[in-house]
Amino acid sequence: MKQDAFMKKIIIIGVGVVGSTIAYTLSIRQQAKEIVLIDQIQPLAEGEVLDIQNGLPLTDGTVVRRGTFTDCKNADLIIIAAGRSRHEGEKRLDLLESNLDILKNILPKLKENYTGGYILVVSNPVDALTYYVSRQFPDFLDRVIGTGTALDSIRLQYCVGNFLGITDRRIKGYVIGEHGQIQMPLWGMTTIDSIPISEYCKRKGITWNKEIQKLISDNVKEMGTKIILGKSRTHFGIASCISYLVEIFSQEEEAIVCVSQVRRWKERKIAYSQPTLISHNGLNELPLQLSEEEKETWEKLCIQLYEIWDQTICYQ
């Protein structure tokens, strides 16, 4: 067990492909003393536990077991990964009705046993479901988050790295909005070795313009669809994102990550992602620094987000 591990108990609700990949990633990296898997299909949970346990003798210390909702008491983190994944040709919002029904079955059991740990929503459409979960825990809004555009931000770094021909580890970039089509990169906050991307490209003699920005932005939006076309599902990327979030929550260091929370926009509340300073002490939303053109684009995106919430999730 790592000596700096902070989380004693992590709960994962829903152990399909995504939930089980998260469980494996966290256990193999020894990011909690105990990882408890909950699923309505008990043989599935038992099978995943056994499969993961077979690899743990090669590590040191993490206990993985099947549990029930009573295990949510005193959990440091509760990950909600229950629900079906999207299929080829579907959008994330197409999952709303079916996955919302699953949440309506899960949340009363969770509320009975909830003692204040972080709730991390992974199921899609993640922003809409984060909004719904937050409404069920009104006294713990600062403890309910969704993975939001954390994965999109990583995909942005990947696409920028491919364009520039450099490793994406040198790149910092952020995508705001929803984990879906209603999003935009923050080009003004995109840097290479702490150098703004526009300045970096100027120094290197690389063309950098709105056409290239749109091409990269479109690639980020369609990355999930492309993966699904190839292998029918996505799960490794999101598991890595969650592992990174757990690492931040567990240690002294701070990091800026785009996560989804219920936020106020013009006297209205909607769930979306923006850069957030995260540490073991909690989350602090960072103010958006937008150009005038970006402000106009962001305004239009927020209107779209609100209209979707108003037509779908607000009355649930």
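Modeller: A charge counts as sitting over a ring if NZ of Lys or CZ of Arg is within 6 Å of the ring centre and within 35 degrees of the ring normal. The model is a predicted one, in which local features need pLDDT of at least 70 and side-chain atom pairs count only at pLDDT 80 or more, while totals for chains, interfaces and linings use all residues. Residues are numbered from 1 along each chain as its sequence is written, and side-chain values use heavy atoms, with hydrogens and water left out.

Arg268 has its charged end over the ring of Tyr306, 4.5 Å from the centre. Arg143 lies over the face of Tyr118, 3.8 Å from the ring centre.

Next come ring-to-ring contacts. Rings of Phe, Tyr and Trp (its six-membered ring) pair if their centres lie within 6.5 Å; planes under 30 degrees apart are stacked, over 60 edge-to-face, and the rest tilted. The count by this rule is 6 aromatic pairs. One of them, Phe163 with Trp208, is tilted, at 6.0 Å centre to centre and 45 degrees between the planes. Phe163 is in helix H5 (residues 150-164) and Trp208 is in the loop between helix H6 (197-204) and helix H7 (210-231), so the pair links distant parts of the chain, 45 residues apart. Helices (H or I, at least four residues) and strands (E, at least two) are DSSP runs numbered from the N terminus. Buried means under 20% relative accessible area, exposed over 50%, and partly exposed in between (1.4 Å probe, protein chains only). At 33%, Phe163 is partly exposed, whereas Trp208, at 17%, is buried.

The pair of Tyr272 and Trp298 is edge-to-face, because the ring centres are 5.2 Å apart and the planes meet at 75 degrees. Tyr272 is in strand E13 and Trp298 in helix H9 (residues 292-311), 26 residues apart. Both Tyr272 and Trp298 are buried. Separately, Tyr114, Phe137 and Phe140 make up one aromatic cluster.

That leaves the strands. Two strands pair if DSSP finds at least two bridges between them. E13 (residues 268-279) runs antiparallel to E12, and 11 bridges join the two. Across the pairing, Cys258 stands opposite Pro275 in E13. E12 and E13 form a hairpin with 2 residues between them, and Lys266 in the turn has a positive phi of about 50 degrees. E12 (residues 255-265) is largely enclosed by the rest of the structure, because 8 of its 11 residues are buried.
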